[in-house]
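Colleague: I would like to learn how to read the features of a model like this one, step by step. Could we begin with how open a side chain is to its surroundings, and go on from there?

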Amino acid sequence: MYYLLTWFVAVTVAWIVPRLLPYNAVEITVSQMVRSLTQGSSMISPQEYKEMVNYIEGLFGANEPLWLQYVHFWEDLLHGNLGPSIAFFPATVNKVIAEALPYDLILIIPSTVVAWVIGNILGAQIGYRKTGTITDKASMIAFVAINNIPFFVLGLLLILVFAVDLHWLPATGYTFSAIPRLTWSYLPIFFRHWILPFASVTIVSLGGWVLGMRQLIINEKGSDYMNYGEALGIRPSILSRYAMKNAFLPQITGLALSLGTVVGGSYVLEFIFGYPGMGYIMGIAATDNDYLTVAGVFVVIATVVLLANYIVDILYSVLDPRVRVAEVGE
C-alpha cells in the first residue's frame, strides 16, 4: 500500500509540474511546424495558423480542461498507453521508450554489476587485511579521486585517448537509424560504440563501491561478535566471511537502487557519446518542450525504482534473520 501511494504521488507530480511551466508546448510545436512549412515560400494566414493550433491541441488532448486531461491520463496509463510524443511525432511515447530502454539496459546493468562485484571484493580485502597500511592509504587516495570524477569528464578523457589519439574506437555516431539486429555484421558496430560509455560508468562507479565496502568491513571488525570470535581463537578466514556477509547487506540495497535508476540512463554521458538511451531522449524531449515524453519517462523511472525498493525489502527479510524476527514481532 505504501509503495502504491508513493507511486501515485510521484506520477501525479510528473504529470502536473510540466503543465505549470510558463509556456505552451503545443503552440511552440505549431510555430516550429509553420517555420518549416513556410521556409522559402509565402506565410500562412492567421486563420490557417489558428486551425493548425486547434488541430494539434486536439491531437494531444491539450484543448480539454486540465482536470479532464488528468482523468484521461490515468485511463490511458492504466491501459499501458503513455500517449503521443511531441518531439518524436508521429511516434508514441511507448514506442520511443521501447526503442531507447534496451540501450540503457545493455549499458548500465553490466557496468553497474561489474563495478559492484569488483568494488566489493577490493573494498573487503582492503578493509579487512590492509587497514592502515601504505596500500590502504594509496588506494584510498586513488578511489576517492575516481569516485569524484564526473562521468562526462572521464568520458571526454577516454574519447581523447582512444578515439582521437589512438583511433581505436569511435567517439560518437550511433543513432536510432542503426536498427538493432542480431547479425554478425551489426554486433561489432554496436560494441565499438558501447565500450567507451561502459568503461566510463564502470570506472566511476567502482570508487564508490570500494570505499563503501571498506568502511563497512572496518565497522564490522570493531563489533562485539568479531572481538568475541577473536578471543575464542576462531580463524581470521572464518571471521572475515562473517564480516563480509553482514557488510554485504547495505551494498545489496545500494545495488538494487542503482539498478532501479537504470531506466533513467545518463543524460550527459549519452549526449557526449551520442548513445541513444533514455537520457538521450529525455534531453531531446526537454529541449523540444515535449512534456508528454518527459512525463512518460518519469513514470517508467518511478515504477522501476519503487519496484526495486520493494524487491530489496523482500530480499532483506530473506537474507537477514534479524529483519524476519522484527517483522514477526510486529
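Colleague: Is W168 buried or exposed?

Modeller: Buried means under 20% relative accessible area, exposed means over 50%, and partly exposed lies in between, with a 1.4 Å probe and protein chains only. W168 has a relative accessibility of 53%, so it counts as exposed, while F162, at a relative accessible area of 27%, is partly exposed. Please keep in mind that this is a predicted model, in which local features need pLDDT of at least 70 and side-chain atom pairs count only at pLDDT 80 or more, whereas totals for chains, interfaces and linings use all residues. Residues are numbered from 1 along each chain as its sequence is written, and side-chain values use heavy atoms, with hydrogens and water left out.

Colleague: How is a pair of aromatic rings described?

Modeller: One gives the distance of the centres and the angle of the planes. Rings of Phe, Tyr and Trp (its six-membered ring) pair if their centres lie within 6.5 Å, and planes under 30 degrees apart count as stacked, over 60 as edge-to-face and the rest as tilted. By this rule there are 12 aromatic pairs. In one of them, F162 and W168 are tilted, at 6.0 Å centre to centre and with 40° between the planes. W194 and F198, by contrast, form a stacked pair, with 4.5 Å from centre to centre and 25° between the planes. W194 and F198 both lie in helix α8 (residues 186-221), four residues apart, which is about one turn of the helix, and W194 is buried at 13% relative accessibility. There is also one aromatic cluster, formed by W7, F8, W15, Y70, F73 and W74.

Colleague: Which charged end sits over the ring of Y128?

Modeller: A charge sits over a ring if NZ of Lys or CZ of Arg is within 6 Å of the ring centre and within 35 degrees of the ring normal. Here the charged end belongs to K221, 5.5 Å from the centre of the Y128 ring.

Colleague: How far should the 19 residues of helix α1 span?

Modeller: Helices (H or I, at least four residues) and strands (E, at least two) are DSSP runs, numbered from the N terminus, and the expected span of a helix is 1.5 Å times one less than its number of residues. For α1 (residues 2-20) this gives 27 Å, which agrees with the 27 Å between its end C-alpha atoms. Within α1, the buried residues are A10, V11, T12, A14, W15 and P18, and they pack against α4 (66-78) and α13 (291-319), where contact means heavy atoms within 4.5 Å.

Colleague: Which residues of α6 are buried?

Modeller: They are D136, S139 and F143, and because they cover an arc of only 70° around the axis, taken from the directions from the helix axis to the C-beta atoms, they lie on the same side of α6. The face turned away from that buried side carries the exposed residues I134, K137 and I141. Among what covers the buried residues of α6 are α5 (93-129) and α8.

Colleague: How many helices and strands does the chain have?

Modeller: The secondary structure comes to 14 helices and zero strands. Of the 330 residues of the chain, 38% count as buried.
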